[in-house]
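Subject: Structure for you, with notes on aromatic contacts

Hello,

Here is the structure I said I would pass on. My notes on its aromatic side chains follow below.

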Amino acid sequence: MSEEKQYWLLKTEPGEWSWEDQAANGGVTKWDGVKNKQAQKHLKSMKLGDLCFFYHSGAKARRVVGVVTVVREWYSDGGGDGMVDVKAVGEMRRPVDLKEMKGEKGLKSFALFRQPRLSVVPVPEDVWIRVCDLGGGYEGDGNLFENNGSDGESGDEEDD
């Protein structure tokens, strides 16, 4: 019996660790420095292959900028707090701002809005799909669709 893939959002201050740092680091890094007990619990729940939004926090840019995947489950280096290792999957085709997400009716219950200071947030699958849609997907998602002026319609409407 295999577990279903889970989705997460990982927050970072761009001045501390940015998407550019993640990509320039060979794409792999340990996600550490998480002190909040609830956020630590979320880290411990992560499984190999889970996908995570890479979210820039801070006053200048609050947005989803990329996607990483868990390549090593929770472990401790003996210093007390644990960590996971994540690897860059791809940059969002278009960053998705917090303000834009808050304006989406289907995202109103997203934990990011209820617990804005939490640095590791679970993302329900329907929220994951909608945020990906808002950003036109991400590099490496297997979707050949590039957001080139499309209005986001799926094309499965009935002809009159």
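Rings of Phe, Tyr and Trp (its six-membered ring) are taken as a pair if their centres lie within 6.5 Å. By that rule, the structure, which is a predicted model, holds six aromatic pairs.

One of these is formed by tryptophan 19 and phenylalanine 54. The ring centres are 5.2 Å apart and the planes stand at 75°, so this pair counts as edge-to-face. It joins distant parts of the chain, since tryptophan 19 belongs to helix α1 (residues 19-24) and phenylalanine 54 to strand β3 (residues 51-56), 35 residues apart. Tryptophan 19 and phenylalanine 54 are both buried.

Tryptophan 128 and tyrosine 138 make another edge-to-face pair, at 6.5 Å centre to centre with 80° between the planes. Here too distant parts of the chain are linked: tryptophan 128 sits in helix α5 (residues 125-134), and tyrosine 138 lies in the segment after α5, 10 residues apart. Tryptophan 128 has a relative accessible area of 5% and is therefore buried. Tyrosine 138 is buried as well, with a relative accessible area of 8%. Ring pairs also place Trp128 and Tyr138 in a cluster with Tyr7 and Phe53.

Two charged side chains sit over rings, as follows.

- Lysine 44 is over the face of tryptophan 74, 4.9 Å from the ring centre.
- Arginine 72 is over the face of tyrosine 75, 3.4 Å from the ring centre.

Regards

Note on methods:
Residues numbered from 1 in each chain as written. Predicted model: local features only at pLDDT ≥ 70, side-chain atom pairs only at ≥ 80, totals over all residues. Heavy atoms only, no water. Phe/Tyr/Trp six-rings, centres within 6.5 Å; stacked < 30°, edge-to-face > 60°. Helix = DSSP H or I, 4+ residues; strand = E, 2+ residues; numbered from the N terminus. Buried < 20%, exposed > 50% of the residue type's maximum accessible area, 1.4 Å probe, protein only. Lys NZ or Arg CZ within 6 Å of the ring centre and 35° of its normal.
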